[in-house]
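Here is my note on the model you sent. Keep the 3D view open while you read.

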Amino acid sequence: MSSGCWSPLPGMADLGPPEIRLWQRVEADARRILALYRVEELRTPILERTSLFQRAIGEETDVVQKEMFTFEDRGGRSLTLRPEGTAGAIRALCDVGAEAGSRVFYLGPMFRAERPQAGRRRQFHQLGVELLGPPAPEADAECIALMWRLLNEWGLADARLRLHTRGTAADQPAVREGLRARLAEVRDALCEDCQRRLDRQPLRVLDCKQAGCQQVMAGLPALTTFLAEDSRRYLDRVATLLSSLQIEAMVDGRLARGLDYYEHTIWEATHPALGAQDAIAGGGRYRIEAEGRVVEGVGFAIGLERVMMALQARGVAPPPDPAPAVWLVSVGDRATAENLVLAERLRSAGVPCGADWSGRSVKAQMRAAHKAGAVWAAVRGDKELAAGTCRLKHMASGEERTVAMDELAAVVSGSA
Ligand code: HAM
(Lines give C-alpha, C1' and ligand atoms only; values in the text may rest on other atoms or scores of the structure.)
Protein backbone atom coordinates (compact mmCIF):
# COMPACT_ATOMS: atom_id res chain seq x y z
CA MET A 1 0.00 0.00 0.00
CA SER A 2 1.24 3.46 -0.81
CA SER A 3 2.25 5.58 2.20
CA GLY A 4 1.09 8.67 0.31
CA CYS A 5 4.27 10.52 1.26
CA TRP A 6 4.99 11.37 -2.37
CA SER A 7 1.83 13.40 -2.86
CA PRO A 8 1.26 16.88 -1.42
CA LEU A 9 -0.78 17.30 1.76
CA PRO A 10 -4.48 18.06 1.31
CA GLY A 11 -5.02 21.71 0.52
CA MET A 12 -1.40 22.19 -0.54
CA ALA A 13 -0.10 22.11 -4.09
CA ASP A 14 3.08 22.08 -6.10
CA LEU A 15 3.50 24.89 -8.54
CA GLY A 16 5.59 24.45 -11.65
CA PRO A 17 5.54 24.90 -15.43
CA PRO A 18 3.37 25.76 -17.25
CA GLU A 19 1.15 27.55 -14.59
CA ILE A 20 4.16 29.09 -12.86
CA ARG A 21 4.71 31.27 -15.94
CA LEU A 22 1.35 32.92 -15.36
CA TRP A 23 2.30 33.48 -11.70
CA GLN A 24 5.57 35.04 -12.80
CA ARG A 25 3.79 37.35 -15.24
CA VAL A 26 1.32 38.41 -12.54
CA GLU A 27 4.16 38.99 -10.07
CA ALA A 28 6.24 40.98 -12.56
CA ASP A 29 3.24 43.22 -13.38
CA ALA A 30 2.67 43.70 -9.65
CA ARG A 31 6.26 44.68 -8.92
CA ARG A 32 6.14 47.28 -11.71
CA ILE A 33 2.89 48.80 -10.37
CA LEU A 34 4.05 48.72 -6.75
CA ALA A 35 7.15 50.72 -7.70
CA LEU A 36 4.89 53.45 -9.13
CA TYR A 37 3.38 53.77 -5.64
CA ARG A 38 6.80 53.70 -3.92
CA VAL A 39 6.01 50.46 -2.13
CA GLU A 40 9.02 48.27 -1.33
CA GLU A 41 9.25 44.56 -0.66
CA LEU A 42 9.44 43.12 2.85
CA ARG A 43 10.20 39.45 3.45
CA THR A 44 9.34 38.15 6.89
CA PRO A 45 9.70 34.63 8.33
CA ILE A 46 6.91 32.16 7.66
CA LEU A 47 7.09 30.95 11.25
CA GLU A 48 6.32 33.31 14.14
CA ARG A 49 5.39 33.13 17.82
CA THR A 50 1.76 32.10 18.24
CA SER A 51 1.24 35.05 20.61
CA LEU A 52 1.98 37.50 17.75
CA PHE A 53 -1.10 36.35 15.84
CA GLN A 54 -3.23 36.09 19.00
CA ARG A 55 -2.41 39.72 19.88
CA ALA A 56 -2.49 41.25 16.41
CA ILE A 57 -5.37 39.37 14.75
CA GLY A 58 -7.45 38.88 17.90
CA GLU A 59 -8.07 35.89 20.20
CA GLU A 60 -11.74 35.70 19.26
CA THR A 61 -11.33 35.49 15.49
CA ASP A 62 -11.94 32.28 13.53
CA VAL A 63 -8.43 32.54 12.12
CA VAL A 64 -6.87 32.38 15.60
CA GLN A 65 -9.41 30.03 17.17
CA LYS A 66 -9.71 27.42 14.44
CA GLU A 67 -7.45 27.98 11.48
CA MET A 68 -3.86 28.23 12.63
CA PHE A 69 -1.21 25.55 12.14
CA THR A 70 0.30 25.74 15.62
CA PHE A 71 2.87 23.45 17.21
CA GLU A 72 5.42 23.36 19.98
CA ASP A 73 9.07 23.45 19.00
CA ARG A 74 11.71 21.39 20.78
CA GLY A 75 12.14 24.15 23.35
CA GLY A 76 8.44 24.07 24.23
CA ARG A 77 7.66 27.40 22.51
CA SER A 78 4.35 27.71 20.72
CA LEU A 79 4.93 28.58 17.06
CA THR A 80 2.52 29.18 14.21
CA LEU A 81 2.81 29.16 10.43
CA ARG A 82 1.66 32.63 9.44
CA PRO A 83 -2.06 32.66 8.54
CA GLU A 84 -1.75 36.16 7.04
CA GLY A 85 0.92 38.79 6.49
CA THR A 86 -0.12 41.92 8.38
CA ALA A 87 0.96 40.77 11.85
CA GLY A 88 4.47 39.77 10.73
CA ALA A 89 4.89 42.90 8.63
CA ILE A 90 3.98 45.15 11.57
CA ARG A 91 6.30 43.18 13.86
CA ALA A 92 9.15 43.56 11.37
CA LEU A 93 8.51 47.26 10.83
CA CYS A 94 8.44 47.91 14.59
CA ASP A 95 11.66 45.93 14.92
CA VAL A 96 13.52 48.36 12.69
CA GLY A 97 11.75 51.36 14.21
CA ALA A 98 9.86 52.14 11.02
CA GLU A 99 7.66 55.19 11.22
CA ALA A 100 4.45 56.38 9.65
CA GLY A 101 5.14 56.67 5.95
CA SER A 102 6.61 53.17 5.62
CA ARG A 103 5.17 51.44 2.57
CA VAL A 104 5.78 47.74 2.09
CA PHE A 105 4.48 44.76 0.19
CA TYR A 106 4.95 41.03 0.71
CA LEU A 107 4.37 38.10 -1.55
CA GLY A 108 4.42 34.56 -0.30
CA PRO A 109 2.71 31.56 1.24
CA MET A 110 0.21 31.77 4.10
CA PHE A 111 -1.28 28.81 5.99
CA ARG A 112 -4.77 28.26 7.31
CA ALA A 113 -6.12 24.92 8.53
CA GLU A 114 -9.42 25.23 6.71
CA ARG A 115 -11.41 22.52 4.96
CA PRO A 116 -9.97 22.49 1.42
CA GLN A 117 -12.34 23.19 -1.46
CA ALA A 118 -12.19 24.98 -4.82
CA GLY A 119 -10.38 28.28 -4.17
CA ARG A 120 -9.67 27.43 -0.54
CA ARG A 121 -6.28 26.04 0.32
CA ARG A 122 -4.35 25.27 3.45
CA GLN A 123 -1.27 26.79 1.86
CA PHE A 124 -2.11 29.73 -0.36
CA HIS A 125 -0.27 32.83 -1.54
CA GLN A 126 -1.00 36.45 -0.86
CA LEU A 127 0.29 39.66 -2.31
CA GLY A 128 -0.19 42.06 0.57
CA VAL A 129 0.45 45.76 1.02
CA GLU A 130 0.78 47.76 4.25
CA LEU A 131 0.98 51.56 4.23
CA LEU A 132 1.70 52.95 7.70
CA GLY A 133 0.23 56.27 8.78
CA PRO A 134 -2.58 57.85 10.80
CA PRO A 135 -6.21 57.69 9.65
CA ALA A 136 -6.88 59.77 6.54
CA PRO A 137 -9.59 59.00 3.98
CA GLU A 138 -7.13 59.93 1.21
CA ALA A 139 -4.63 57.31 2.44
CA ASP A 140 -7.37 54.65 2.46
CA ALA A 141 -8.54 55.67 -1.04
CA GLU A 142 -4.95 55.53 -2.34
CA CYS A 143 -4.56 52.03 -0.90
CA ILE A 144 -7.79 50.83 -2.52
CA ALA A 145 -6.74 52.49 -5.80
CA LEU A 146 -3.49 50.49 -5.73
CA MET A 147 -5.38 47.24 -5.19
CA TRP A 148 -7.78 48.15 -7.95
CA ARG A 149 -4.96 48.99 -10.35
CA LEU A 150 -3.33 45.62 -9.71
CA LEU A 151 -6.56 43.74 -10.44
CA ASN A 152 -7.11 45.86 -13.57
CA GLU A 153 -3.55 45.41 -14.80
CA TRP A 154 -3.91 41.64 -14.54
CA GLY A 155 -7.11 41.75 -16.59
CA LEU A 156 -9.64 41.45 -13.76
CA ALA A 157 -11.41 44.79 -14.23
CA ASP A 158 -14.75 43.05 -13.64
CA ALA A 159 -14.04 42.51 -9.92
CA ARG A 160 -16.56 44.06 -7.55
CA LEU A 161 -15.72 46.15 -4.55
CA ARG A 162 -17.67 46.35 -1.31
CA LEU A 163 -16.80 49.03 1.21
CA HIS A 164 -17.74 49.77 4.77
CA THR A 165 -16.37 50.87 8.13
CA ARG A 166 -15.71 49.32 11.51
CA GLY A 167 -15.82 52.75 13.14
CA THR A 168 -13.28 53.48 15.86
CA ALA A 169 -12.56 51.69 19.14
CA ALA A 170 -14.79 54.25 20.82
CA ASP A 171 -17.69 53.20 18.56
CA GLN A 172 -17.40 49.52 19.39
CA PRO A 173 -19.47 49.35 22.59
CA ALA A 174 -22.37 51.11 20.82
CA VAL A 175 -22.07 48.83 17.76
CA ARG A 176 -21.90 45.68 19.88
CA GLU A 177 -24.73 46.77 22.15
CA GLY A 178 -26.93 47.97 19.29
CA LEU A 179 -26.41 44.75 17.36
CA ARG A 180 -26.82 42.53 20.43
CA ALA A 181 -30.09 44.24 21.37
CA ARG A 182 -31.51 43.79 17.86
CA LEU A 183 -30.33 40.19 17.60
CA ALA A 184 -31.66 39.29 21.04
CA GLU A 185 -35.14 40.12 19.75
CA VAL A 186 -34.80 37.38 17.11
CA ARG A 187 -32.54 35.01 19.05
CA ASP A 188 -34.56 31.90 18.18
CA ALA A 189 -34.11 32.45 14.46
CA LEU A 190 -30.29 32.24 14.80
CA CYS A 191 -28.28 29.05 14.50
CA GLU A 192 -26.87 27.48 17.68
CA ASP A 193 -23.38 28.89 17.08
CA CYS A 194 -24.72 32.40 16.66
CA GLN A 195 -26.91 32.13 19.74
CA ARG A 196 -23.74 31.34 21.65
CA ARG A 197 -21.80 34.15 19.91
CA LEU A 198 -24.52 36.67 20.61
CA ASP A 199 -23.30 37.78 24.01
CA ARG A 200 -19.56 37.83 23.50
CA GLN A 201 -19.14 38.51 19.80
CA PRO A 202 -22.33 39.71 18.15
CA LEU A 203 -20.31 41.00 15.16
CA ARG A 204 -19.33 37.43 14.27
CA VAL A 205 -22.96 36.72 13.47
CA LEU A 206 -22.38 38.84 10.35
CA ASP A 207 -19.94 36.19 9.11
CA CYS A 208 -22.38 33.28 9.53
CA LYS A 209 -23.21 31.49 6.29
CA GLN A 210 -26.38 29.76 7.62
CA ALA A 211 -29.42 30.78 5.58
CA GLY A 212 -31.51 31.55 8.70
CA CYS A 213 -28.86 33.88 10.13
CA GLN A 214 -28.32 35.58 6.77
CA GLN A 215 -32.04 36.24 6.59
CA VAL A 216 -31.99 37.77 10.07
CA MET A 217 -29.03 39.97 9.14
CA ALA A 218 -30.78 41.17 5.99
CA GLY A 219 -33.60 42.53 8.15
CA LEU A 220 -31.32 44.48 10.51
CA PRO A 221 -30.47 48.16 10.18
CA ALA A 222 -27.05 49.01 8.68
CA LEU A 223 -24.26 48.99 11.24
CA THR A 224 -23.50 52.63 10.45
CA THR A 225 -26.63 53.58 12.41
CA PHE A 226 -24.74 52.66 15.59
CA LEU A 227 -21.61 54.66 14.71
CA ALA A 228 -20.58 58.14 15.78
CA GLU A 229 -21.11 60.91 13.25
CA ASP A 230 -17.33 61.30 12.65
CA SER A 231 -16.98 57.66 11.64
CA ARG A 232 -19.88 57.92 9.23
CA ARG A 233 -18.35 61.05 7.70
CA TYR A 234 -15.00 59.26 7.30
CA LEU A 235 -16.67 56.46 5.33
CA ASP A 236 -18.59 58.97 3.15
CA ARG A 237 -15.35 60.76 2.38
CA VAL A 238 -13.60 57.51 1.31
CA ALA A 239 -16.59 56.67 -0.92
CA THR A 240 -16.52 60.16 -2.50
CA LEU A 241 -12.76 59.96 -3.11
CA LEU A 242 -13.16 56.56 -4.77
CA SER A 243 -15.79 57.86 -7.14
CA SER A 244 -13.45 60.77 -8.02
CA LEU A 245 -10.98 58.02 -9.00
CA GLN A 246 -13.68 56.26 -11.05
CA ILE A 247 -13.61 53.28 -8.73
CA GLU A 248 -17.05 51.89 -8.24
CA ALA A 249 -17.60 50.70 -4.66
CA MET A 250 -20.79 49.44 -3.13
CA VAL A 251 -21.21 50.64 0.44
CA ASP A 252 -22.38 47.49 2.20
CA GLY A 253 -23.39 47.53 5.85
CA ARG A 254 -23.22 43.72 5.97
CA LEU A 255 -19.56 43.54 5.08
CA ALA A 256 -17.76 41.55 7.76
CA ARG A 257 -14.00 41.17 7.87
CA GLY A 258 -12.88 38.34 10.10
CA LEU A 259 -9.84 40.07 11.64
CA ASP A 260 -10.03 42.19 14.79
CA TYR A 261 -7.33 44.77 14.07
CA TYR A 262 -9.49 46.86 11.75
CA GLU A 263 -10.72 50.33 12.57
CA HIS A 264 -12.48 52.69 10.16
CA THR A 265 -12.48 51.61 6.49
CA ILE A 266 -12.84 47.93 5.53
CA TRP A 267 -13.32 46.47 2.07
CA GLU A 268 -13.46 43.28 0.07
CA ALA A 269 -13.25 42.56 -3.65
CA THR A 270 -15.04 39.59 -5.20
CA HIS A 271 -14.77 38.21 -8.71
CA PRO A 272 -17.73 36.76 -10.63
CA ALA A 273 -15.69 33.93 -12.20
CA LEU A 274 -14.94 32.43 -8.77
CA GLY A 275 -17.36 30.01 -7.13
CA ALA A 276 -18.41 29.93 -3.48
CA GLN A 277 -15.03 31.33 -2.39
CA ASP A 278 -15.33 34.49 -4.44
CA ALA A 279 -13.32 36.94 -2.27
CA ILE A 280 -10.28 37.75 -4.35
CA ALA A 281 -8.90 40.42 -2.00
CA GLY A 282 -9.67 42.14 1.25
CA GLY A 283 -8.28 44.89 3.40
CA GLY A 284 -8.84 47.77 5.70
CA ARG A 285 -7.43 50.37 8.05
CA TYR A 286 -6.03 49.03 11.30
CA ARG A 287 -4.62 49.96 14.66
CA ILE A 288 -2.33 47.41 16.26
CA GLU A 289 -0.76 47.70 19.70
CA ALA A 290 2.75 46.36 19.54
CA GLU A 291 4.83 46.36 22.70
CA GLY A 292 3.66 49.68 24.06
CA ARG A 293 3.51 51.24 20.61
CA VAL A 294 0.41 51.84 18.58
CA VAL A 295 0.87 51.21 14.86
CA GLU A 296 -1.68 52.67 12.49
CA GLY A 297 -1.93 51.85 8.85
CA VAL A 298 -4.01 50.65 5.97
CA GLY A 299 -3.50 47.62 3.77
CA PHE A 300 -4.90 44.73 1.82
CA ALA A 301 -4.04 41.26 0.60
CA ILE A 302 -4.92 39.63 -2.69
CA GLY A 303 -5.29 35.84 -2.87
CA LEU A 304 -3.06 34.79 -5.77
CA GLU A 305 -4.59 31.31 -6.29
CA ARG A 306 -7.91 33.08 -6.78
CA VAL A 307 -6.32 35.56 -9.20
CA MET A 308 -5.06 32.61 -11.25
CA MET A 309 -8.46 30.90 -11.12
CA ALA A 310 -10.21 34.07 -12.31
CA LEU A 311 -7.65 34.56 -15.11
CA GLN A 312 -7.98 30.95 -16.25
CA ALA A 313 -11.77 31.26 -16.21
CA ARG A 314 -11.33 34.29 -18.47
CA GLY A 315 -9.28 32.15 -20.88
CA VAL A 316 -5.88 33.59 -20.01
CA ALA A 317 -3.28 30.90 -20.64
CA PRO A 318 0.24 30.80 -19.20
CA PRO A 319 2.82 32.39 -21.53
CA PRO A 320 4.69 29.87 -23.70
CA ASP A 321 7.85 28.16 -22.57
CA PRO A 322 10.83 30.40 -23.45
CA ALA A 323 12.35 28.56 -26.44
CA PRO A 324 16.14 28.30 -26.76
CA ALA A 325 17.68 30.18 -29.69
CA VAL A 326 19.95 27.24 -30.41
CA TRP A 327 20.22 23.56 -29.55
CA LEU A 328 23.67 21.99 -29.56
CA VAL A 329 23.79 18.57 -31.19
CA SER A 330 26.93 16.46 -30.61
CA VAL A 331 28.31 13.67 -32.77
CA GLY A 332 30.77 11.69 -30.63
CA ASP A 333 32.32 12.14 -27.18
CA ARG A 334 34.74 14.91 -28.08
CA ALA A 335 31.99 17.06 -29.55
CA THR A 336 29.82 16.44 -26.47
CA ALA A 337 32.59 17.73 -24.17
CA GLU A 338 33.33 20.71 -26.47
CA ASN A 339 29.65 21.55 -26.68
CA LEU A 340 29.43 21.81 -22.89
CA VAL A 341 32.06 24.56 -23.07
CA LEU A 342 30.32 26.16 -26.07
CA ALA A 343 26.96 26.17 -24.25
CA GLU A 344 28.46 28.17 -21.38
CA ARG A 345 30.15 30.57 -23.84
CA LEU A 346 26.86 31.20 -25.66
CA ARG A 347 25.00 31.78 -22.39
CA SER A 348 27.72 34.24 -21.30
CA ALA A 349 26.94 36.10 -24.53
CA GLY A 350 23.25 36.14 -23.54
CA VAL A 351 22.15 33.44 -26.01
CA PRO A 352 19.59 30.99 -24.51
CA CYS A 353 20.77 27.55 -25.48
CA GLY A 354 20.02 23.91 -24.77
CA ALA A 355 21.62 20.52 -25.33
CA ASP A 356 21.14 16.89 -24.49
CA TRP A 357 24.12 15.16 -22.85
CA SER A 358 22.74 11.64 -22.94
CA GLY A 359 24.89 10.52 -25.89
CA ARG A 360 21.81 9.64 -27.93
CA SER A 361 21.73 9.49 -31.73
CA VAL A 362 21.74 12.67 -33.82
CA LYS A 363 18.13 11.90 -34.77
CA ALA A 364 17.08 11.71 -31.10
CA GLN A 365 18.97 14.95 -30.33
CA MET A 366 17.22 16.68 -33.26
CA ARG A 367 13.89 15.49 -31.87
CA ALA A 368 14.81 17.04 -28.49
CA ALA A 369 15.68 20.31 -30.26
CA HIS A 370 12.32 20.26 -31.94
CA LYS A 371 10.46 19.49 -28.72
CA ALA A 372 12.19 22.37 -26.93
CA GLY A 373 11.08 24.72 -29.73
CA ALA A 374 14.70 25.68 -30.60
CA VAL A 375 15.02 28.10 -33.51
CA TRP A 376 18.36 26.63 -34.63
CA ALA A 377 20.24 23.38 -34.17
CA ALA A 378 24.07 23.50 -34.32
CA VAL A 379 25.58 20.10 -35.15
CA ARG A 380 29.24 19.32 -34.49
CA GLY A 381 31.33 16.17 -34.89
CA ASP A 382 35.08 15.57 -35.24
CA LYS A 383 35.11 17.06 -38.75
CA GLU A 384 33.52 20.35 -37.66
CA LEU A 385 35.74 20.51 -34.55
CA ALA A 386 38.83 20.25 -36.77
CA ALA A 387 37.53 22.94 -39.14
CA GLY A 388 36.31 25.32 -36.36
CA THR A 389 32.78 25.27 -37.79
CA CYS A 390 29.35 23.78 -37.19
CA ARG A 391 26.42 22.67 -39.35
CA LEU A 392 23.64 25.11 -38.52
CA LYS A 393 20.10 24.04 -39.27
CA HIS A 394 17.12 26.40 -39.21
CA MET A 395 14.47 24.23 -37.57
CA ALA A 396 11.39 25.77 -39.17
CA SER A 397 12.62 25.84 -42.78
CA GLY A 398 15.03 22.91 -42.59
CA GLU A 399 17.72 25.02 -44.35
CA GLU A 400 21.28 24.12 -43.46
CA ARG A 401 24.60 25.90 -43.80
CA THR A 402 28.14 25.80 -42.44
CA VAL A 403 28.99 28.59 -39.99
CA ALA A 404 32.35 29.50 -38.47
CA MET A 405 32.33 29.12 -34.68
CA ASP A 406 33.25 32.76 -34.04
CA GLU A 407 30.13 33.82 -35.96
CA LEU A 408 27.70 31.41 -34.30
CA ALA A 409 26.54 33.66 -31.41
CA ALA A 410 25.81 36.56 -33.79
CA VAL A 411 23.93 34.36 -36.28
CA VAL A 412 21.70 32.58 -33.73
CA SER A 413 20.94 35.76 -31.82
CA GLY A 414 19.81 37.37 -35.08
CA SER A 415 22.47 40.09 -35.09
CA ALA A 416 24.28 38.78 -38.19
P1 HAM B 1 -8.10 38.05 4.26
O2 HAM B 1 -9.39 38.59 3.76
O3 HAM B 1 -8.13 37.09 5.38
O4 HAM B 1 -7.23 39.33 4.68
O5 HAM B 1 -7.29 37.39 3.07
C6 HAM B 1 -7.07 38.11 1.86
C7 HAM B 1 -7.30 37.21 0.67
O8 HAM B 1 -6.53 36.03 0.78
C9 HAM B 1 -8.73 36.71 0.53
O10 HAM B 1 -9.56 37.67 -0.10
C11 HAM B 1 -8.52 35.49 -0.38
O12 HAM B 1 -8.42 35.89 -1.73
C13 HAM B 1 -7.18 34.97 0.09
N14 HAM B 1 -7.37 33.81 0.98
C15 HAM B 1 -7.66 33.82 2.30
N16 HAM B 1 -7.76 32.56 2.77
C17 HAM B 1 -7.54 31.72 1.74
C18 HAM B 1 -7.49 30.30 1.56
N19 HAM B 1 -7.67 29.46 2.59
N20 HAM B 1 -7.22 29.79 0.33
C21 HAM B 1 -7.01 30.62 -0.73
N22 HAM B 1 -7.03 31.97 -0.63
C23 HAM B 1 -7.29 32.53 0.58
C24 HAM B 1 -5.99 39.25 5.22
O25 HAM B 1 -5.32 38.26 5.25
C26 HAM B 1 -5.47 40.59 5.73
N27 HAM B 1 -4.12 40.37 6.30
C28 HAM B 1 -5.46 41.63 4.63
C29 HAM B 1 -4.94 42.95 5.11
C30 HAM B 1 -3.69 43.45 4.91
N31 HAM B 1 -5.61 43.84 5.82
C32 HAM B 1 -4.84 44.88 6.06
N33 HAM B 1 -3.66 44.65 5.55
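Predicted model: local features only at pLDDT ≥ 70, side-chain atom pairs only at ≥ 80, totals over all residues.

The points below start at the ligand and then move to other parts of the chain.

1. **The shell around the ligand.** How many residues surround the ligand? There are 27. The closest are Glu84, Glu114, Arg121, Arg257 and Tyr262. Sorted by class, the shell holds 11 nonpolar, eight polar and eight charged residues.

2. Three strands each supply at least two shell residues: strand 6 (123-132), strand 10 (279-290) and strand 11 (293-303). Which strand gives the most? Strand 10 does, with seven residues. Color these strands in your viewer and look at them together.

3. **Polar atoms at the ligand.** Arginine 257 has a side-chain N or O atom 2.7 Å from an oxygen atom of the ligand. Glutamate 130 has a side-chain N or O atom 2.9 Å from a nitrogen atom of the ligand. With phenylalanine 300, the backbone is involved: one of its polar backbone atoms is 3.3 Å from a ligand nitrogen. Now consider the cover. The ligand taken alone exposes 670 Å², and the protein buries 95% of that.

4. **Threonine 265.** This residue sits in strand 9 (residues 262-270). Is threonine 265 buried or exposed? Its relative accessible area is 0%, so threonine 265 is buried. The cut-off for buried is under 20%. The side chain of threonine 265 also has a polar partner: the side chain of aspartate 140, in a polar contact of 2.6 Å.

5. **Cysteine 194.** Find this residue in helix 7 (residues 192-200). Cysteine 194 counts as buried because its relative accessibility is 0%. Next, compare sequence and space. Cysteine 194 and arginine 204 are 10 residues apart in sequence. From C-alpha to C-alpha, cysteine 194 and arginine 204 are 7.7 Å apart.

6. Which residues make the nonpolar surface patch of about 290 Å²? They are Leu340, Val341 and Trp357. Valine 341 belongs to helix 11 (residues 333-348). Why does valine 341 count as partly exposed? Its relative accessibility is 49%, and exposed would need over 50%.

7. **What to check again.** Arg257 is among the closest residues of the shell, and its side chain supplies the N or O atom at 2.7 Å from a ligand oxygen.

Note on methods
Residues numbered from 1 in each chain as written. Heavy atoms only, no water. Near = heavy atom within 4 Å. Polar contact = N/O pair within 3.5 Å; in protein donor to acceptor, adjacent residues only side chain to side chain. Areas by Shrake-Rupley, 256 points an atom, 1.4 Å probe, with all protein chains shown as cover. Helix = DSSP H or I, 4+ residues; strand = E, 2+ residues; numbered from the N terminus. Nonpolar A, V, L, I, M, F, W, Y, C, P; charged D, E, K, R; others polar. Patch = residues over 30% accessible without salt bridge, like charges linked within 9 Å, V, L, I, M, F, W, Y side chains within 5 Å. Salt bridge = Lys/Arg side-chain N within 4 Å of Asp/Glu carboxyl O. Buried < 20%, exposed > 50% of the residue type's maximum accessible area, 1.4 Å probe, protein only.
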